[in-house]
Amino acid sequence: MTVSGVPTKVGRGRPRRHDDAAEVRLIVDAATEVMREKGYSAATVQDILEKANLGTRAFYRHFKSKDDLLHAIFRSDAEKISERVSRRVKAAATPREAVEAWIDELLSLAYNPRRAERKALIESGMGGKSEGYEQERIRAGELLMAPLVTSLRAGRADGSFPETQPVRDAHLIHALVFETIVWTRGGRRPGKRQAIEDLLRFCLPALGWHDPG
């Protein structure tokens with residue numbers, strides 16, 4: 001079994017109370033709780049195992065270290081967000097609506113309280129530049145941008161985004177959206193709808209958008 005690319009092993013010893021999937025879920029849930037209580041730096045593997053009511057073997061069957069666990073959580077969250085974004089984008093009737101849906105979903109990382117809390121929690125550890133951080137960040141960005149690249153290519157094909165260079169523009173839009181997320185953490189942030197309109201006001205002219213119908 002693998003957990004977001006992290007292989008798991010089954011060793012010999014006394015019978016296990018949980019299978020791999022259940023064990024990993026208990027560890028991940030416990031890690032999230034401990035990090036919320038203590039912060040990433042202060043949390044220890046032992047704290048996590050005590051919260052999960054598991055032994056040391058259970059942890060090292062699946063993860064090499066606390067950083068490795070954090071990367072697996074970050075990777076899993078990125079995959080789930082990418083899947084959710086992809087569904088929204090595919091359901092859009094036009095490339096323009098797909099771009100707006102993509103922006104809307106990404107902004108939910110700031111405007112949805114539960115998602116914002118989880119993102120901040122994970123970033124409290126990832127932001128410490130743990131080993132492998134940059135590779136995980138790049139991979140997550142590529143996952144999130146893939147549906148946007150597809151939408152921009154569709155817009156170039158149907159003439160609604162005649163000026164787009166899909167891969168380059170996806171990176172630029174991604175950067176704008178995440179800079180907006182950082183900005184909206186301030187005390188005077190606009191409403192989500194206003195943030196979307198502000199982003200579209202910049203992005204759509206740059207793509208050469210017009211309604212081909």
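**Entry 1. Ground rules**

I worked from a predicted model, in which local features need pLDDT of at least 70, side-chain atom pairs count only at pLDDT 80 or more, and totals for chains, interfaces and linings use all residues. Residues are numbered from 1 along each chain as its sequence is written, and side-chain values use heavy atoms, with hydrogens and water left out.

**Entry 2. Overall make-up**

I looked up the secondary structure and found nine helices and two strands. Helices (H or I, at least four residues) and strands (E, at least two) are DSSP runs, numbered from the N terminus. Along the sequence the order is β-β-α-α-α-α-α-α-α-α-α.

I then checked burial: 46% of the 213 residues count as buried. Buried means under 20% relative accessible area, exposed over 50%, and partly exposed in between (1.4 Å probe, protein chains only).

Next I took the contacts with a separation of 6 or more; residues 24 or more positions apart account for 69% of them. Contact here means heavy atoms within 4.5 Å.

Two packed helices are described by the angle between their axes and the distance between the axes. Axes are lines fitted to C-alpha atoms, for helices over the stretch in contact, and angles run from 0 to 180 degrees between N-to-C directions.

I started with helix α5 (residues 95–111), which packs on α8 at an angle of about 30° with the axes 9 Å apart. The two helices are therefore roughly parallel to each other. For that label, angles under 35 degrees count as roughly parallel, over 145 as roughly antiparallel, 65 to 115 as roughly perpendicular and the rest as oblique. The crossing of α5 and α8 is right-handed; a crossing is left-handed if the near helix is turned anticlockwise from the far one by less than a right angle, and right-handed if clockwise.

On the α5 side I listed W102, I103, L106, L107, L109 and A110, which meet I173, H174, V177, F178, T180 and I181 in α8. This contact has ten nonpolar residues, two polar and no charged. Ala, Val, Leu, Ile, Met, Phe, Trp, Tyr, Cys and Pro count as nonpolar, Asp, Glu, Lys and Arg as charged, and the others, Gly among them, as polar.

**Entry 3. Helix α7 against α8**

I kept α8 (residues 166–183) and turned to α7 (residues 133–158): their axes come within 8 Å and cross at roughly 125°. That makes α7 oblique to α8. The crossing is right-handed.

From α7, the residues G141, L144, M145, L148, V149, L152, R153 and R156 meet P166, V167, D169, A170, H171, I173, H174 and F178 in α8. I sorted the residues of this contact by class and got ten nonpolar, three polar and three charged.

**Entry 4. Helix α5 against α9**

The axes of α5 and helix α9 (residues 192–207) come within 10 Å and cross at roughly 135°. This pair is oblique as a result. Here too I noted a right-handed crossing.

The α5 residues R96, V99, E100, I103, D104, L107, S108 and Y111 meet K192, R193, A195, I196, L199, L200 and L204 in α9. By class there are nine nonpolar, one polar and five charged residues in the contact of α5 with α9.

**Entry 5. Aromatic rings**

I searched for ring pairs, using rings of Phe, Tyr and Trp (its six-membered ring) with centres within 6.5 Å; planes under 30 degrees apart count as stacked, over 60 as edge-to-face and the rest as tilted. The count came to two aromatic pairs. F59 and Y60 have ring centres 5.0 Å apart and planes at 75°, so I logged the pair as edge-to-face. F59 and F63 form a tilted pair, 5.6 Å centre to centre with 50° between the planes.

Y60 is partly exposed at 45%.

**Entry 6. Two single residues**

N53 has a phi near 60°, a positive value in a residue other than glycine. N53 lies in the loop between α2 (45–52) and α3 (56–62) and is exposed, with a relative accessible area of 53%.

K66 is found in helix α4 (residues 66–91). I noted that K66 and T44 are 22 residues apart in sequence and 7.5 Å apart in space, C-alpha to C-alpha. Leaving aside neighbours within four places in sequence, K66 is in contact with Y40, S41, A43, V45 and F59.
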